[in-house]
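Reader: I am new to this structure and would like to understand the terms used for it. Could you take me through them with care?

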Amino acid sequence: MSRKVFFDTDPGCDDAVMLAMALGHDAIDVVGLSTVCGNTTIENTTRNAHAILDIGGYDVPVSRGCGRPLVDDLTTAEWIHGENGLRGDIPDADGDTRDIHGADAIIEAAYEYGDELTIAAVGPLPNLALALAKEPRLPDLVEDIYLMGGAAMTTGNVTPMAEANFHNDPAAASRVLQDANTRMVGLDVTNRATVSSEFIEEFRTAGGVRATVAEWLDYRPDSGTYPLADAPAIHDAAVVADLVDDSVLTFEEYYLEVDTTGGPCHGAVICDEHDTTDNDPNSRVAVDIDVARYRDVLETGLQAYATQ
């Protein structure tokens with residue numbers, strides 16, 4: 001029986017890989033997408049979501065969400081992900097975007113599927129924060145809520161301390177961690193969620209859909225700024241890998257906060273690793289990854305996506 005998953009996403013190359021592998025896996029039933037600003041503008045992320053579906057030949061409802069963070073100014077990353085936020089030969093596929101806000105689409109899916117549903121939020125978090133504000137019972141309605149974001153016990157990737165998704169909207173991330181009892185999949189494990197150069201080259205030389213997917217896989221610029229410069233990390237894909245095979249990630253419970261003060265740690269996760277606050281844990285944090293299992297799930301899903 002496949003696992004019903006609703007994705008809140010900001011495609012983005014690693015988001016595109018994640019969606020492609022999820023769509024390709026029989027173990028996952030993608031019941032809906034909501035888009036959010038982040039890697040690029042909301043106009044681009046929504047168009048990119050439709051393009052990813054179109055390339056693979058899939059029909060999934062898409063709802064447009066927040067076009068700016070709740071509090072901070074929007075910072076995009078086209079310099080990493082390419083013009084309009086997605087590399088490769090991308091079709092002009094505007095698609096039929098639903099006339100419902102992304103936050104409301106999350107709530108609607110929770111009402112429809114209940115505890116059969118997993119929410120996977122892999123971009124900045126204003127859509128999920130708004131959904132929680134409108135429906136505080138959301139965590140109790142669904143099976144699980146996964147996040148890709150944050151850095152609990154390691155350094156950041158856009159500032160010395162903050163990860164990109166949380167830094168893009170710290171206020172939203174703070175609200176979600178306070179209220180949602182999430183599984184936080186952050187840089188502690190996703191920096192190791194790499195893909196082999198051999199697999200990328202196999203896809204690149206195959207042409208067609210595989211060549212486009214290869215562009216998403218090898219999205220990193222030539223600046224050497226990534227923690228593992230010899231192998232691109234596909235951060236969001238670690239979430240889908242664990243949804244398919246729950247032995248991919250190892251989780252431990254911690255109390256977390258997000259710095260929203262605007263200082264040098266703005267957007268950083270504060271993890272009470274040593275239980276110094278006496279606060280009860282409010283999140284399950286991914287602390288280890290089985291890279292071999294992760295790569296197997298990723299490669300299987302992408303092969304299926306590319307042959308639809």
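This is a predicted model: local features need pLDDT of at least 70, side-chain atom pairs count only at pLDDT 80 or more; totals for chains, interfaces and linings use all residues.

Reader: Why is Asn181 called partly exposed?

Author: Asn181 has a relative accessible area of 46%, and since buried means under 20% and exposed means over 50%, with partly exposed in between, Asn181 is therefore called partly exposed. Asn181 lies in the loop between α8 (170-179) and β6 (182-185), and its phi is positive, at about 50°, although Asn181 is not a glycine.

Reader: What makes Asp275 partly exposed?

Author: The relative accessible area of Asp275 is 47%, which falls between the cut-offs of 20% and 50%, so Asp275 counts as partly exposed. Asp275 is placed in the loop between β9 (269-271) and β10 (283-289), and, while not a glycine, Asp275 has a positive phi of about 55°.

Reader: What is the form of the peptide bond from Pro11 to Gly12?

Author: That bond from Pro11 to Gly12 is cis, with omega near -15°, and Gly12 is found in the loop between β1 (3-9) and α1 (13-24).

Reader: How much space lies in the largest pocket, and which residues are closest to its centre?

Author: The largest pocket holds about 610 Å³ of space, and of the 32 residues that line it, Ala77, Ile80, Asn157, Val158 and Ala164 are the closest to its centre. Two or more lining residues come from each of α1, α3 (78-81) and α7 (164-168), with α7 giving the most, four residues.

Notes: Residues are numbered from 1 along each chain as its sequence is written. Side-chain values use heavy atoms; hydrogens and water are left out. Buried means under 20% relative accessible area, exposed over 50%, partly exposed in between (1.4 Å probe, protein chains only). On a 1 Å grid over the protein atoms alone, a cavity is a set of points where a 1.4 Å probe fits but cannot get out, and a pocket is an open set with protein on both sides within 12 Å along at least five of seven lines; lining residues have an atom within 4 Å of a point. Grid points are joined across faces, edges and corners, and a volume is the space filled by probe spheres set on the points.
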